[in-house]
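Please keep the structure open while you read.

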Amino acid sequence: MNIYNHILQAKNDGNKLLAVLIDPDKFQLKNALQFIDKVNKSIITHIFIGGSEVGQNVTQQLVEVIKMLTDLPIVLFPGDVTQISKDADAILFLSLLSGRNPDYLIDKQVQAVPLLEKTQLEVISTGYILIESGKTTAVQRVTNTLPLNRTDVDAITNTAKAGELLGKKLIYLEAGSGATYEVPAEVISSVKNKIDIPLIVGGGIRTKTQIENAFIAGADMVVIGTAFEEDQQFFEQLKH
Ligand code: 1GP
């Protein structure tokens, strides 16, 4: 089964998914063996690879190494076209729907086409929505866009619905890596009630309770980067 159909099936069956986000810019290759061993023994279902500010070729190297160490699906979550690796399994083909910068709505995607044509990557069209989270995050800085106001539930929900109507296969609510506040539960549940496609939520989630709250509110998949980077004991805590 391809990766999207698996996510869709999990959503329909009510099985929750958890992704670890590895940022090639921050991750030390020498720690890969130990880190991925923890990932393999945990409840994590997907490995996302990507970041807002990543040097050329770093992603390709990282994907090659991680692929040797795990059977989990490797999904690119690219901040730029330079982060496309043919050795991953799938790519979230992101369009930044919360912003009004044409570069991140359509231009990067056009640039990506000739690169994607050289790969077998499963391309998953994803509406990416950045939500204000208490500080200026890297996504905001790099894309030069404003996040949506976290209290404007209608604007966020309508943006997500517009993404679905445009044909996106996933909606990703993003507070930004290292966010002070995660996406509010009322935002997640409002979006969930409005769309039929799977819903991913990430940014600023650091505790088991926050993960559970996101799932209860309606997230089908939660993505965590910083908490695993900073505290590998967190893998253990999630088992209980
Ligand atoms: C994934 O950007 C997030 O959507 C990851 O955020 O690093 O705060 O977990 P954290």
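This report looks at the ligand, then at the pockets and the cavity.

This is a predicted model, in which local features need pLDDT of at least 70 and side-chain atom pairs count only at pLDDT 80 or more, while totals for chains, interfaces and linings use all residues. Residues are numbered from 1 along each chain as its sequence is written, and side-chain values use heavy atoms, with hydrogens and water left out.

**The ligand and its shell**

Start with the ligand, which is surrounded by 13 residues. The closest are Tyr-172, Ser-177, Gly-178, Gly-225 and Thr-226. A residue counts as near if one of its heavy atoms lies within 4 Å of the molecule. By class, the shell holds four nonpolar residues, eight polar ones and one charged. Here Ala, Val, Leu, Ile, Met, Phe, Trp, Tyr, Cys and Pro count as nonpolar, Asp, Glu, Lys and Arg as charged, and the others, Gly among them, as polar.

| Residue | Atom of the residue | Distance to an oxygen atom of the ligand |
|---|---|---|
| Glu-174 | polar side-chain atom | 2.9 Å |
| Gly-178 | polar backbone atom | 2.7 Å |
| Gly-204 | backbone N or O atom | 2.8 Å |

On its own, the ligand has 310 Å² of accessible area, and the protein covers 98% of this (areas come from the Shrake-Rupley method with a 1.4 Å probe).

**The largest pocket**

Where does the ligand sit? Its place is the largest pocket; to sit there, more than half of its atoms must lie within 2 Å of the pocket's grid points. On a 1 Å grid over the protein atoms alone, a pocket is an open set of points with protein on both sides within 12 Å along at least five of seven lines, a cavity is a set where a 1.4 Å probe fits but cannot get out, and lining residues have an atom within 4 Å of a point.

The largest pocket has a volume of about 750 Å³, counted as the space filled by probe spheres set on the points. Its lining has 46 residues, and Gly-51, Ser-52, Phe-77, Gly-79 and Tyr-128 lie nearest its centre. The largest share of this lining, six residues, comes from strand S4 (strands are DSSP runs of E with at least two residues, numbered from the N terminus). By class, the lining divides into 21 nonpolar, 16 polar and nine charged residues.

**Two other spaces**

The second largest pocket holds about 250 Å³ of space. It is lined by 13 residues, with Gln-60, Val-81, Thr-82, Ile-84 and Ser-85 closest to its centre.

The search also finds one cavity of 30 Å³ or more. Among the residues lining the largest cavity are Leu-21, Asp-23, Gly-225 and Glu-229.

Definitions and conventions
Polar contact = N/O pair within 3.5 Å; in protein donor to acceptor, adjacent residues only side chain to side chain. Helix = DSSP H or I, 4+ residues; strand = E, 2+ residues; numbered from the N terminus.
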